[in-house]
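Okay, thanks for making time, everyone.

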Amino acid sequence: MIRKSARLWSLVFGCWLMSMAALAQTLPTAFQTALAQAKVPHAAVSLLVTSVDAEQAPRLQHRTDIPMNPASVMKLVTTTAALDLLGPAYVWRTPVWLDGVVENGVLKGNLVIQGQGDPKLVQERLWLLLRRVQGLGVQRIAGHIVLDNQAFAVPATNPADFDGEPLRPYNASPDALLLNFKALVLTFTPDARQGVAHVQIDPPLAGVLLPTQVPLSKSAACGDYRAGLRADFSAPSRIRLDGQYPAACGEKIWPVAYADPASYNARAMEGLWRNMGGQLDGSVISGVAPAAPPSFELASPTLLEMIRDINKFSNNVMAQQVFLTLGLAPPGNGAQPTSPWAVATPDTARLAVRQWWQRRISASDVPTLDNGSGLSRHTRISAAQLGLLLQKAYASPTMPELMSSLPVVGVDGTLKRSRASLASAHLKTGSLRDVTALAGYVLGQSGQRYVLVAMVNHPNAAAARPALDALIDWVVMDNH
């Protein structure tokens, strides 16, 4: 009996050694070396390298059917679905009503603005909207500015819930009327003659005390200028900068989330209107837009332009805006939001994307969707699912639009500092605590184009980036 047990264990151990040897032969040597240096086990990694042609056999596959957290690589699902369902020329429209009579520069009524999910209604475009109002003869609003953001019904969240960093702009929540990403942009400009750095804060927020300058420090190096400013953003009615700014830094721009996002739209709208010389007798309030046709509409940049920002710079809130729009608009290329999809919720968005996936990608093998941005601990997708998505996308009419939206290795976006083969690949990156991922297209030296998917879920995931660079190089060197 003892001999039989020994033989059994010997057989099991031998099989294990053989499987490890096979794995060692399968995974590229440089990748394995970098992975070992990062102290990440093979069991924490999922890999797929295959031709864009679905008929060809994969070049490399490892744990491809295991659901993984993809972090921001999940934006590939959102943006591919949006290109297919809405079309690259889709635009968001923000309708505006002069709800009253304009006489002698006075609007005797309310100015009403209704959000329809525009992902990039930033300060410059909000200024253009209000400038259009002034162009219609309005200098003073005798009533209120009414903001209607009811097109999205999103549960209230605490921006600190995800990672305890409430002032990080990436934690902004979606909103049908998303003004300037609910963020402040601080610009510091050194003035050696006066010994100060001038501070410009945009947009101007009504009822918030803002510093206009800080003393210059004598530091010879820029260093961590943000820490040196000793900034306090915790009070919604006052922003404090109690430190100094190093002249060696030159001009710097620091975006930061506003401490009270619920009041941001009202403060920003009133602050900018008054900054433009406009007068307001009432206040900025929430309400419902009139049923009558609007006085005018502000059109957004196209979806094509939006997804370049989303994918190249991994903008989370813009991705969530697009995701919710898919729950607002009916299926159909270029369709504008209509009933019965009058209000989008996370559930309607997940349903819309799930149904699209079942029609276009796979009827039965569907990933676990959450908010469309990848800023989630619940999203799950396998390398096989991502690979199939990328193959289908490559064969679609909107392939050029999707590929051009992805960061180019060593050139731009989130891959600008990558040390992999320069300009060899268009890849979406993903990064969260315990997650590092890449997915997209790589051009081999042979002229063959590949789909590459790599996901690492492990406490040391951040240290695995050199391994992913080595993997990209291996895919490129396909004629060696």
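So, the chain has 12 helices and 19 strands; those are DSSP runs numbered from the N terminus, with helices being H or I of at least four residues and strands E of at least two. Some housekeeping: this is a predicted model, where local features need pLDDT of at least 70 and side-chain atom pairs count only at pLDDT 80 or more, while totals for chains, interfaces and linings use all residues. Residues are numbered from 1 along each chain as its sequence is written, and side-chain values use heavy atoms, with hydrogens and water left out.

How confident is the predictor? Mean pLDDT, the per-residue confidence from 0 to 100, is 91 for the chain, and 90% of residues reach 70 or more. Residues 12-25 stay under 50, with 4 contacts beyond four places in sequence; a contact means heavy atoms within 4.5 Å. Residues 331-341 are also below 50, yet that stretch has 36 contacts beyond near neighbours in sequence.

Of the 480 residues, 50% count as buried, meaning under 20% relative accessible area with a 1.4 Å probe, protein chains only (over 50% is exposed, in between is partly exposed). Helix 3, residues 75-85, has 10 of its 11 residues buried, among them L76, V77 and L83. Just after helix 3, G87 takes a positive phi of about 90 degrees.

Next, an open sheet of 5 strands, order 12-9-8-7-13, mixed pairing; strands pair if DSSP finds at least two bridges between them. Strand 12 (245-246) and strand 13 (252-257) are at the edges with a single partner each, so one side of each has no neighbour in the sheet. Inside, strand 8 (196-202) and strand 9 (213-217) run antiparallel over 3 bridges, and A197 has V214 as its bridge partner in strand 9.

Y225 is in helix 5 (225-229) and Y245 in strand 12, so the pair ties together parts 20 residues apart in sequence. Y225 also pairs edge-to-face with W254, at 6.4 Å and 80 degrees. Ring pairs link F188, Y225, F233, Y245 and W254 into a cluster.

Definitions and conventions: pLDDT is the predictor's confidence in each residue, from 0 to 100. Rings of Phe, Tyr and Trp (its six-membered ring) pair if their centres lie within 6.5 Å; planes under 30 degrees apart count as stacked, over 60 as edge-to-face and the rest as tilted.
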